[in-house]
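Here are a few notes to read alongside the structure. Have it open and follow the points in order.

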Amino acid sequence: MNTQSSPARSPRPQPFWPPLAAGVALGLVLLLTFLWTGHGLGATGASTRFTAWLGEAIAPAATSANAYLGPMVDGGNPLKSWISWQVVGVAIGALVSAFLAGRFRVQLDGARSVGTPRRLVAALAGGLLAGFGARVAAGCTSGLGLSGAATLAIAAFVFLGTFFVAGLVASRLFRGI
Amino acid sequence: MFPLDDAGLWSGLVCGALFGFVLERAGFGSPCKLTGQFRLTDWSVLKVMFTAIVVAAAGLWALRLAGVVAEGAVYVPTSFLAAAAIGGVLVGIGFAVGGYCPGTSVVGLFSGRLDAAVFLVGLVLGTVVFAGLYGPAIEAVMGAWEVDAGDTFSEAWGVSDGLVLAVMAAALVGVFVLGGRLERASRGPVSADEAVAGADAATTRTAFPNDAPGANAH
């Protein structure tokens with residue numbers, strides 16, 4: 001409204017929560033999820049079901065014949081699952097939080113540090129590796145690492161250990177951001 | 001008696017919304033903040049994850065002892081250790097290169113980041129490649145190195161849950177002490193201002209480059 005102050009019009013982003021506070025909050029959300037549903041939080045359960053749904057829409061014959069995706073589309077719409085609603089919830093929660101804190105900004109993050117083409121290739125390649133890896137492990141950082149570790153599962157700590165070491169090495173060898 | 005085993009829409013939406021809200025509050029929509037963990041300049045990922053794991057694990061343990069949560073009623077991932085190790089390596093590389101893990105890419109996208117949408121496309125492609133290659137060979141790898149005796153440290157090796165929790169709590173203190181030290185010795189955590197402005201040369205500098213100081217500045 002005040003045209004004279006237009007250069008600094010957008011509100012300053014609020015600081016992030018301190019890691020200890022965010023960690024306690026995340027732990028309580030995870031505990032609530034366990035008490036309410038009997039399992040923890042996840043992510044790639046939904047992207048896998050979305051892939052099956054997409055396959056059914058584009059190539060129904062190949063999808064039903066596939067040994068991995070086939071069983072998911074046999075029982076009707078693969079997206080009809082708790083994990084799909086949970087990921088919709090993640091999107092809503094993140095959007096609300098980012099807006100309220102003045103941290104919503106449309107951008108190609110990393111374009112300034114490594115350039116647009118490199119950033120696009122790195123994001124695609126990183127997603128591909130993570131998508132493949134999460135299917136091998138039958139879980140990702142959320143579903144196996146975070147939720148599994150809260151149940152003191154051995155597999156979760158093995159996952160977190162190799163995840164961290166591989167990430168350390170990879171970030172030295174290749175700059176994607 | 002808990003858990004309630006609710007598999008409906010509302011528990012999914014509510015738990016997911018709280019999850020997404022907290023992840024964004026922690027700064028985990030920002031790929032330069034997330035990958036700062038691997039550059040050792042920003043230890044938020046390990047601090048937040050370890051704190052959450054200890055809080056949830058201690059809560060589940062205490063509620064089980066108190067008889068509020070039924071014994072063996074909460075889902076525990078099966079100890080297929082080869083699958084967990086290989087999957088961990090691939091998700092770790094994908095995180096370091098792509099800037100997100102699967103869950104945080106949703107947070108990144110819904111805080112306005114288009115590179116997170118590209119990461120999500122990659123996630124679907126990776127699933128397609130996996131499904132295309134899926135067969136006896138992959139199944140054999142995924143079933144390898146199973147700990148037959150059980151899925152938790154107490155089941156498999158008789159290490160009591162209380163001791164595992166105590167070790168985790170000590171490791172948590174270690175993460176805060178060591179992480180805090182390395183953060184102070186380097187450029188330190190990515191602030192909200194920096195995260196919203198987007199990654200640049202300064203926020204993506206490695207804490208301890210192999211070369212002389214400043215050698216990686218260009």
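Into which domains is chain B divided? Keep in mind that this is a predicted model.

1. Let's start with that question. Domain 1 of chain B comes in two pieces, 31-75 and 149-206, while domain 2 covers 80-146. The C-alpha centres of these two domains of chain B are 20 Å apart.

2. Now look at where the two domains of chain B touch. Domain 1 brings four residues to the contact, and domain 2 brings six. On the domain 1 side of chain B, three of the residues are nonpolar, one is polar and none is charged.

3. Over to chain A, and a pair of helices. H8 (residues 141-150) packs against H9 (residues 154-173) in chain A at an angle of about 125 degrees, and their axes are 8 Å apart. H8(A) and H9(A) are therefore oblique to each other. The crossing of H8(A) past H9(A) is left-handed.

4. Which residues meet there? From H8(A) you'll find Thr141(A), Leu144(A), Gly145(A), Gly148(A) and Ala149(A), and they meet Ala155(A), Ala156(A), Phe157(A), Phe159(A), Leu160(A) and Phe163(A) of H9(A). Sorted by class, this contact of H8(A) with H9(A) has eight nonpolar residues, three polar ones and no charged ones.

5. Last stop: Ala138(A), which sits in the loop between helix H7 (116-137) and H8 of chain A.

Methods
Residues numbered from 1 in each chain as written. Chains lettered and ligands numbered in written order. Predicted model: local features only at pLDDT ≥ 70, side-chain atom pairs only at ≥ 80, totals over all residues. Axes fitted to C-alpha atoms, helices over the stretch in contact; angles between N-to-C directions. Helix = DSSP H or I, 4+ residues; strand = E, 2+ residues; numbered from the N terminus. Parallel < 35°, antiparallel > 145°, perpendicular 65-115°, else oblique. Left-handed = near helix turned anticlockwise from the far one by under 90°. Contact = placed C-beta atoms within 7 Å. Nonpolar A, V, L, I, M, F, W, Y, C, P; charged D, E, K, R; others polar. Domains from an automatic or database assignment.
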